[in-house]
Amino acid sequence: MEAVDLLWEAALAGDEHRATDVVLAAAEDHGHETVLLDVIGGVQHRVGREWASNRISVAQEHAITAINDRAVTALSITRPRRAPVHGRVTVACVDGEWHAFPARLLSEVLALRGFAVDYLGAQVPTPHLITYLHRTGPDVVALSSSIATRLPTAHATMTACQAAGVPVMVGGAAFGTDGTHARRFGANAWAADARSAADMLLSQTLPVPGRPHQPVDDLPHLADQEYTLVTRGARDLVRQVYRDLEERVPAMRSYSDEQRQHTAQDLAHIVEFLGTALYVDDDSLFADFLSWTGAVLDARGVPTHVLEPTLDLLGAQLRDFPRAQRMLRLHARADAG
Amino acid sequence: MVTVSSWLRSPCPALVVDTAGAVHGMNDAARSLLPPEVLPSEWQHGESVHLAERSYAAHRVDNEDGSVTWWLLDQTDLLLERDRAALLTRMSSALMTSLNPERCMTVVAEMAAAHLADEALVIAPQSSSGHPVTRCRRGEAPTYELQQVDVEEVVGLSEALRGFPPVPSRWIDPAAAPEWLARDGMSIVVTPLPGHGVPAGALILIRRDKTFSDDEEAFARLFASRAGVAISAASLFTQQAEITDRLTRDLLPPVLRRYPHVELAGRYRAAADTERVGGDFYDVHELPDEQLFVVLGDVCGKGLEAATQTGRVRTAVHALLQVVTDHDRMLAALNQALLTTDTSRFITTVVGTVRPVEAGLHVRLTSGGHLPPLIVRVDGTVEAAATRGTLVGILPEIVTATDEVVLAPGDSCLLYTDGITEAHGGPLGDEEFGEERLRRALTACGGMPAEALVEHVHMLAAQWVGDGEHDDMATLAITAPRRRP
């Protein structure tokens, strides 16, 4: 659609007026829902792709999203007003999740379809969310999470919502392209995108969750404590591996402060993703992250030669953790092959 | 001979079946219970046999001569008790999950209609807009609505709803029942839901085909007492949450509106995840001639106590603005006000006056012991405003120096609290985020819309902190809007 390109250019230029004009004109032609999901949503997808291939920065990502957000607001003002005819849905992002935009789009679409929507935004601390559910008693809570490392938090939040007697629908990139993690976490529903989420809520009533359960019931492998121990000791682990890395890779000694900072941050990310992969016991989550990191580093012109020794040194530190060993080894083998 | 006569006199029904399957003999208890055409050959050992509205467990004993003695053990009461215990457990676990009164009432009505009566109503004490009533007919979905009903029409209902004086369950004459209560009931019983200090409402059970036995009524009371505790806990929670909301409403960061000449965005994150308010604050006030007065600050301390202090400071600033808009005099007056209040703690604050001018925005900034605001130019240049001053609320006199800056279209001025720069963490877990890192990050933020700027800064600080603890964090961005080409 041409409007996607026009909106992309306007948002990239930080031109709110032009962005709003594009969106309002497209809404006249294609209707609100199409513009929300295919035009504005299309631009947001492109933001993710452009960022991953280093054509825009995180700051630009935020700026574009802010312009898009204003476009949604402008659109929402012109939305045909009608009283909600369907159930009440609370839409929120899990704690630590900054990407509020997919949740915002879902809220707008659900409101268009006639639901009563409470949109709580990004970064919702679980205690706030649960209090809100008790106060308002919605029929469904829709939780959004984009970043895989928020999965353990998302799981805890889902369990808490269910324990409050509210069925949980989840969505977002974190749950996997086919919703694998959503199912394993015992979600009452998973939707691939806002459109199918709205369709699903219209066509069925999600059952009230049964008796409260503990998150560990969903993931029996957590009994081996690998996740707990690796996450609890993450900072020490990062520090130790960083020191070892300086010895192993002489080039690091001539790094600038900023390069050091980046290397440490990348290392912290690897440990964070390893922890998440241990939590869901999914080797491919870690492997995908590593190949994605490799691609992003390449795109940024950052030398990737520290990646391999990093995994090696991590493996040495985590000798007593069989699942972590397996994940780190898998990558080494993939590299060799 | 003794054994023969003793089985015959046993209160437990027993009968003997010969090898051909014919009934060879029965004891008295069996004879009064069983029809003559009884066919024990169809029984299975251990299974339940239903006779005369009761339930018996059939126990088979093989005799030496090949005949079989069937003992029938009455288990009617046992099964009933087991069902009731299961029902109470199910209801308790369903009610335990929710602190929402409406949902609790729905669970109670649904379960009562499924197990105790043909129709069940749960009526809560009157709210400002009527009585919340949940009604459920067996096999149907429960409905919840606010109804304007006269509870005095139903004997015992108003006492049950008040929760005082204590009343037992009351039978209602179905013929005298008002239309809204029941139309086709044969038997109606009203049971109070004991709330223990908080009236929880009443449970009304309706049967169409038969009356309630004493035993059933007694069980309904047990059911109601559990339901009442849960509903009243939910009501108490709701009341408390409403009170908290009302009392903290003025302490929450203000919702910023949009102005044609100024973009403003603020963001707040309290130190504790369970709280929405803390010791940081910001506010925006409108002055004559399209000018805006902004204030951002930090009360020493955190948590609810600090939050109440921010409320006082914000009120004081708003009041002082009516008489003084000059920064030096405003901060001096605020200093005096804080010094003369016993319970006050000192604050750091920065105030700003924003005036639209031809070139964009003219901003006067004055710090009272607070971090100087950072100016982010559209090209990514970052500079600190040259304003300094003493903390407010400690010394009898304060000294302040005001800076004036002009924001061209796309430029921003960022006011922030030390929760951002003192965020502790980082990849190695032992560093402060620091002013230097903040400035470096802001060089990538030239030309950003105000809300993107504050969100970006909060995200960087939050990621820096990770799962660790942090102080209250507040940011306020003032941006000169880009102009329509």
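**View 1. Strands β4 and β5 of chain B pair up in the antiparallel sense.** β4 (residues 54-62) and β5 (residues 68-74) of chain B are joined over 7 bridges; two strands count as paired if DSSP finds at least two bridges between them. Strands here are DSSP runs of E with at least two residues, helices are runs of H or I with at least four, and both are numbered from the N terminus. If you want one spot to look at, find B:Val61, whose bridge partner in β5(B) is B:Thr69. This is a predicted model, so local features need pLDDT of at least 70 and side-chain atom pairs count only at pLDDT 80 or more, while totals for chains, interfaces and linings use all residues. Residues are numbered from 1 along each chain as its sequence is written, and chains are lettered from A and ligands numbered from 1 in the order in which they are written.

**View 2. Stepping back, β4 and β5 belong to an open sheet of 5 strands in chain B.** Read across, the order is β2-β1-β5-β4-β3, with antiparallel pairing. What are the edge strands? They are β2 (23-26) and β3 (48-51) of chain B, each pairing on one side only. On average, neighbouring strands of this sheet are turned by 30 degrees against each other, direction ignored. In a regular strand, side chains alternate between the two faces of the sheet.

View 3. Look for B:Arg388, which has B:Ala401 as its bridge partner in β20(B).

**View 4. Helices α4 and α6 of chain B pack against each other.** Two packed helices are described by the angle between their axes and the distance between the axes. For α4(B) and α6(B), the axes come within 8 Å and cross at roughly 165 degrees. Axes are lines fitted to C-alpha atoms, for helices over the stretch in contact, with angles from 0 to 180 degrees between N-to-C directions. That angle makes α4(B) roughly antiparallel to α6(B) (under 35 degrees is roughly parallel, over 145 roughly antiparallel, 65 to 115 roughly perpendicular, and the rest oblique). α4(B) passes α6(B) in a left-handed crossing; left-handed means the near helix is turned anticlockwise from the far one by less than a right angle, and right-handed means clockwise. Among the contact residues are B:Met105 and B:Val108 of α4(B), and B:Phe223 and B:Ile231 of α6(B). Residues are in contact if their C-beta atoms, placed from the backbone, lie within 7 Å. By class, this contact has 10 nonpolar, 2 polar and no charged residues. Ala, Val, Leu, Ile, Met, Phe, Trp, Tyr, Cys and Pro count as nonpolar, Asp, Glu, Lys and Arg as charged, and the others, Gly among them, as polar.

**View 5. Helices α7 and α8 of chain B cross at roughly 135 degrees.** The axes of α7 (residues 303-321) and α8 (residues 327-339) come within 10 Å. The two helices are therefore oblique to each other, and α7(B) passes α8(B) in a right-handed crossing. From α7(B), the contact takes B:Ala316, B:Val317 and B:Leu320, and from α8(B) it takes B:Met330, B:Ala333, B:Leu334 and B:Ala337. By class, that gives 7 nonpolar, no polar and no charged residues.

**View 6. Over in chain A, an open sheet of 5 strands shows parallel pairing.** The strands are ordered β2-β1-β3-β4-β5, with β2 (116-121) and β5 (189-190) of chain A at the edges. β3 (residues 140-144) and β4 (residues 168-171) of chain A pair over 4 bridges, and A:Leu143 has A:Val170 as its bridge partner in β4(A). Helix α7 (residues 151-163) of chain A lies across β3 and β4 of chain A, running at about 160 degrees to β4(A).

**View 7. Chains A and B meet in a contact that takes 30 residues from chain A and 27 residues from chain B.** On the chain B side, α4 (101-115), α6 (214-248) and α11 (450-465) each supply at least two residues. Which of them gives the most? α11(B) does, with 5 residues. By class, the side of chain B that touches chain A has 11 nonpolar, 9 polar and 7 charged residues.

Terms used:
Two residues are in contact if their C-beta atoms, placed from the backbone, lie within 7 Å.
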